[in-house]
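Hello,

Here is the structure you were waiting for. Please open it alongside this note; my findings follow below.

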Amino acid sequence: PSSVGVGMTDFVQLYWKRNRGWPWPEDSWGLTPMYGPDGWCDTCGVPKHSQSGSLVLQRRGMKVEGAWVPNWRLDVICVEQGLAVEAAARFDVQTREVDWHPTSAGAATQIIVPTVGPAWFDPEELREATIARHGVDGATCPRCGVWRWMPLTFGFLPPVRVTQSLGDVAIAGSPEWFGDGKRAFRQVLVRRGLAELIAAASPRDFTVQDVL
């Protein structure tokens, strides 16, 4: 059976209500600046290594305020500079400056989401959940060999199996990948205090939801 690790109740889902901003270049869904031209799979969109460059967003239609999740990059959280300074002062988070194309829309920062733990979900429970929702569980990418589960969110996912390492971070991404077609994302858990800070600064973009 699934089990809850120490301090699991401190973690929540920072549920995004909408997407804002278009990563650049569009032909790589913004992945090339973040991981390099050979650092991601162009068949499934899964990165091959940790982020090594800055997210680049297009200026069009963007107003830098509060916090937001860009289109396509569903496990990426961006915040305006003042919020980034407060988050870094209060929580142990890593950040990276957001770049812009072709000109800056304002000072923005990406909160880096590290991958934590060997597994968050029991694979049999996850298989049952994805089949119940989609009729299939997932697929292995024919090019890079990564298995992606069909897209699910908390509420449809099985209980999280948390390792002790999750207690040491303020934000974490699952080692499991989810997605279909050329899109891929990880599940993200956020320490309650950080999630509440971000949601309060940007209530049109986020709400805090318990995962237990």
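Trp29 sits in the loop between E1 and H1. Helices (H or I, at least four residues) and strands (E, at least two) are DSSP runs, numbered from the N terminus. This is a predicted model, where local features need pLDDT of at least 70 and side-chain atom pairs count only at pLDDT 80 or more, while totals for chains, interfaces and linings use all residues. Residues are numbered from 1 along each chain as its sequence is written, and side-chain values use heavy atoms, with hydrogens and water left out.

Back to Trp29. Its phi is positive, about 55 degrees, although it is not a glycine. Most residues other than glycine have a negative phi, and most peptide bonds are trans. Trp29 is also buried, at a relative accessible area of 18%. Buried means under 20% relative accessible area, exposed over 50%, and partly exposed in between (1.4 Å probe, protein chains only).

Trp72 also has a positive phi, near 75 degrees. It lies in the loop between strand E3 (67-68) and E4. Trp72 counts as buried, with 12% relative accessibility.

Next, the cis peptide bonds. One runs from Trp24 to Pro25, with omega near -5 degrees. Pro25 is in the loop between E1 and helix H1 (31-35). Another runs from His101 to Pro102, with omega near 0 degrees. Pro102 belongs to the loop between strand E6 (99-101) and strand E7 (108-111).

Thr109 is in strand E7. It is buried, at 11% relative accessibility. Beyond its neighbours within four places in sequence, Thr109 contacts Ile77, Cys78, Val79, Ala84, Thr95, Arg96, Glu97 and Val98. Contact means heavy atoms within 4.5 Å.

Now the cores. A nonpolar core is a set of buried Ala, Val, Leu, Ile, Met, Phe, Trp, Tyr and Cys residues joined through side-chain atoms within 4.5 Å. The largest one has 23 residues, of which Leu14, Ile171, Leu194, Ile198 and Phe206 touch the most other members. At least two residues each come from strand E1 (11-16), strand E4 (77-80), helix H2 (81-90), strand E12 (188-191) and helix H4 (192-201). H4 gives the largest share, five residues. Leu194 is in contact with Ala87, Phe91, Val93, Ala170 and Ile171, leaving aside neighbours within four places in sequence. Another core, of 19 residues, lies apart from this one, and includes Ala129, Leu152, Phe185 and Leu189.

Best wishes
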